[in-house]
Amino acid sequence: MSSDREAVAEPASGGSAPTALPDEAWVTALATLDQMGSARLGALLAESTPETAWDRVVHGGLRASAGPALHRALGPQREAVLRRWREQAQRTDVTALWRRHVDRRVGVAIAGSAAYPAAFAGDPEPPAIVFSVGDPDVIAGPRVAVVGTRDCTRYGYDLAHRLGAELADAGVRIVSGLALGIDGAAHAGALEAGGAPPIAVVGCGLDRPYPARNAALWRRVARAGVVLSEYPLGSPPLAWHFPSRNRLIAALADLVVVVESQEVGGSMLTVDCAITRGVDVMAVPGPVTAPASAGTNRLLSEGRGVVRDAVDVLVALGLSGGGRRSPQDRRPPPDPGDGRVLDAFDWQPATLDHLVLRTGLALLDLTVALDRLVEGGWIEQRGGWFERVARPGG
Amino acid sequence: MLATVPSASLFGVEGHAVTVEVHVSNGLPGFTIVGSPDAVCREARDRVRAALLSSRLTWPRRRITVNLAPSELRKGGAALDLAMALAVLVADEQLDAAAIRSMAFVGELGLDGTLRPVVGALPLVDALTEPTVVVPPGSLVEARLVGRHHVRTAETLAQLVAVLRGDEPWPDIYPDPAPPDLPPPIDLSDVHGQPLARQALEVAAAGGHHLLLIGPPGAGKTMLAQRLPGLLPPLDDELALQTTRVHSAGGVRLPPGGLVRRAPFRAPHHGASSVALIGGGAGHLRPGEISLANGGVLFLDEMGEFAVDVLDSLRTPLEEGVVRVSRASARVEFPARFVLVGAMNPCPCGEALRPGSCRCSDAALLRYSRRLSGPLLDRFDLRIEVLPADPHELLHAPPGESSAAVAERIADVRRRALERGVAANALLHGRHLEDAAPLSGEAATFLEHALRRGVLSARGLRRVRCVALTLQDLQGLDPPLGVRAVSLAMHLRVEPRFLSRRLAG
C-alpha cells in the first residue's frame, strides 16, 4: 500500500511497485476498475502492454493518447470515466491484489496466453481475462449449455435436473450460470450423475458466490469441474455483468438447450448470443398457456430443435444416444383414492381451488390426500401451489 | 357577577365533565378564556359574541372572564360554546340562574345563533351527571343513547333562551329524518367458485382469525374482504355502545338508530399515517382506523405499500385488543378489537399469476418480503393465495351459499367459543387452548411429522390448532381435533409466495 501512496505523491517515479509482477496481475488490476467491460479492457490492451496501460490510467496518460478504438469504447462519458479510474487506480495496491489471487489459487488467463481457453480465442467478443476456480482443463470436450428462467416451475426444474444428469452421464459437459431455477437444477443433476465435469460461468468475483442459496452448489461445481468469471475477486454481481456472462455461456457451448424461459429474459439473451456465434439452439416444449414456457415455445415455432430428453440432445451433437432409458421410479404408488387426486394434476402448477374443481372433493378431504402425496414424493408444495414431481427419488 | 354552567369536553373517546365559570365585572371591556382551551375552543369568544348579538340578546360591554374547570384538563372543540353563552347571560343577569338549575349544555354555536351538532355527543353526554341535558338537534339521537338523562333541544340560542325564560314551551323536535339505511352488507353468494377463499372467510368470521389474502390484481381480494362484515355476528350491547362512542368521537356518521350494531368495515388507504391508523394527533387525541374498526373488520389493501413502521405499530393492538396512545401531555386508551384482513400482490411485478411467470429479480423479491415483518406475518392465522375465479365457474356455477346461511353456522361457533370463556376461538391462548383443542392420536402424529420436517414452527402449531378447532366447530364436531381439520388448517396458513423460495440447485 505504502509504495503506491508514494507513486501518487511522486508521479515522476511512475510504476514504483515491484516490477516482478506478470502481465496477468496488471490486467487483473485493470479489470477491477468501475465499468470496465471486456470491450474497454480489450481496446485498452490493444494499444499498449498491460503494465503501460495501468501506468497510463494512474497518471492520466490516457486522455492524450487514446486511439480511435479506445476512444469509441470509452463512450461519451469518457472524461468522467477516466477521472474515476484514475482515482480508483491510485488507491489500488496491485501487488496485494495479485497476491490475493495467487493465494486463493484463482487461475488467471489473459487473451493470447497458453492458459486462455481455446473456446474463447475465436470469439467475436472475447473476454480479455478469464478467472477460474477448479480445473480449467475440463473445458475440452463436448459442451452443452442448459439454461432457463430463475422462476421455473417444478416441471422445468425436474427436466433440467434430468437433462443435466443424463448428459453428464453420456460424457457431455454441462455449461450453465449457477443462477436459481433451471441453471442450478442442470448442474445439480450433472453432479448427482457424477459424469462429465460441470462448467459454470458467473457474473461476479469468484470469492463471493451469488446467489447465496446456490453457494454450496457453486463449491461442488468448482470441486468437480470449473467455475469461470471475467471479474476479479471481490467484484459484486452487478446487473450489467449478467448479459456479458450469458455471452460466455453461449461462446463455450456446442449447443444451447433452453428448458423454460419467459418471452423475454436472460436465457433469451443467451439464445441471441448463441445464434450470432452459429451455435445451435434447442428448446424443451411446454404448455402453450404456461408463461414459463412462452419463450421456449416461440423458439420451437421458429424451427429450433425439440428436446424431449437427453437422447434428442446427444443425437443433435452427433453422439450416440445409447437408446432411451426410462428411469426406475422408486416411489411407492399412491393408494387408489390419492391416485385419483394425483390424476387431477397435469404438469402445470395448480391451487386448491383448481383441484377442488377437478376432483369434486371437499377441501377437508382434499388436503389430507395432498399431504400424503407430498409425503410420497409425488407432489411438491410451494406457497399455495402444488406441482407434480417427475424426478424419481425426489 | 358570577355564573357556573356544567358542560363536557372530549378527550380521546372519553367525555369529561367541565364546569364553565363566567365572571362579569366592571373594567375595560374584554373577553378572556382561561383553563387550557385549544385554538378552536379559544375561538369560542367570537362565535359566542356573534351568536348572542344575532339572537337579539345584549353583549355586556364589561370585562368577561371565562374559566373552564378543572383547568389542567385540555379542552378542545366547540362543544362548550353553548354553555359559555348561557353562563354569560346568567352572569350578566339577562337570564335567571334558577332557570338553568340542574341542566347541562353541550353544543356549538353558529354566528347566527344556530345550535350545531358536535363530535362525540355520546361520550360527552355520558360524562354529565345533571338530570337534564340540552344538546343541538343534530346530536339528539346520540345523546339519547346514554339513556340516563332528560334530553332537550332547541333550534337556536334565541329559542332556547325564550324557553328557559318560560316564554315558550320546549320545542318538539324530532331527529333529522333518518338518512337512508346503509345498503345491506354485500352477500357472499356473489362469490362464484373460489372455494378456498370462501372457506377462509368463513373461518375468519367464525373464529375471529386474522386473514391475509395474497393474489394478483383482479383476483377479487377486496370483494372477498368486503363480505366479511356480513358474516360477523352483530355487536352485542356493550360492544355496540363502545364502538358507537369511538365512532362518535371520531366524527364518523352513525347509523340511523344511532347505535353501531353492524360490524364496521374500515379500509384505510396505504398512504395512511401511523396517527391515522393507530390514533392520536394534536389536541384532543382522536381514535384511529383500528379503533373505528372495533368489533368489525380492518381491511388493509396493498399491505406491502404501507410504511413498515406504520404496519408494525399494529402489533401490540392486535395482541391486546386496545391501543394506548401516549403523548407528553396525556395518555388515552382506545378499544381496538377487530379482524384484520390484509391483501397483497404475490410479488412486486404483479405478473405472478402462478409459479413460473414472475419477472422480479431476487433482490426485488427480498425487498418485498421485508415489507411485512415476521412478527406481523405471524399474527395472520389464515394466509391463502387468491386467484381470479375460473371463467367457467364465474359464468355457470350456481350461486354459492348466501351470507345468511353461513352466518348461522358462524353464530353457532361463536356460541361454542363463549362456552369456552372467550368471544372467539382466536383469543384462546396457552393452557386454555390446549384444554379446548385436544388432539386425536392421528392428528398428533401428523403434526409431529410436520414439526420434524420444519414446515411448522412451535408458534405455528398453536395457531394451526386454533384454526383447526374453528374448522371442527363449523362442522359441529366436538374435540379432539381430527387429522382432516388439522391438515386443512395448515393449508389455510401457507407461506406467502414471496417468501417461499424459488427452486435452488
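Predicted model: local features only at pLDDT ≥ 70, side-chain atom pairs only at ≥ 80, totals over all residues.
A word on conventions: residues are numbered from 1 along each chain as its sequence is written, while chains are lettered from A and ligands numbered from 1 in the order in which they are written. Local features need pLDDT of at least 70, side-chain atom pairs count only at pLDDT 80 or more, totals for chains, interfaces and linings use all residues, and side-chain values use heavy atoms, with hydrogens and water left out.

Let's start with the rings. Over all chains there are five aromatic pairs (rings of Phe, Tyr and Trp, the last by its six-membered ring, with centres within 6.5 Å; planes under 30 degrees apart are stacked, over 60 edge-to-face, the rest tilted). One of them joins A:Tyr210 and A:Phe242, a tilted pair at 6.0 Å centre to centre with 55 degrees between the planes. A:Tyr210 sits in the loop between strand 5 (199-202) and helix 12 (215-224) of chain A and A:Phe242 in helix 13 (residues 241-252) of chain A, so this pair ties together parts 32 residues apart in sequence. Helices (H or I, at least four residues) and strands (E, at least two) are DSSP runs, numbered from the N terminus.

Another pair, A:Tyr231 with A:Trp240, is edge-to-face, at 6.3 Å and 90 degrees. A:Tyr231 is buried, at 6% relative accessible area, whereas A:Trp240 is partly exposed, at 31% (buried is under 20%, exposed over 50%, partly exposed in between, with a 1.4 Å probe and protein chains only).

Now to chain B. Which order do the strands take in its open sheet of five strands? The order is 11-14-17-10-18, with parallel pairing; strands pair if DSSP finds at least two bridges between them. Strand 11 (265-266) and strand 18 (382-385) of chain B stand at the edges with a single partner strand each, so one side of each has no neighbour in the sheet. Strand 10 (residues 211-214) of chain B pairs with strand 18 over four bridges, in the parallel sense, and B:Leu212 stands opposite B:Arg383 in strand 18.

Finally, the cores (sets of buried Ala, Val, Leu, Ile, Met, Phe, Trp, Tyr and Cys residues joined through side-chain atoms within 4.5 Å). The largest nonpolar core has 72 residues, and those with the most contacts inside it include A:Phe345, B:Leu211 and B:Ile384. Apart from it lies another core, of 52 residues, among them B:Ala121 and B:Leu376.
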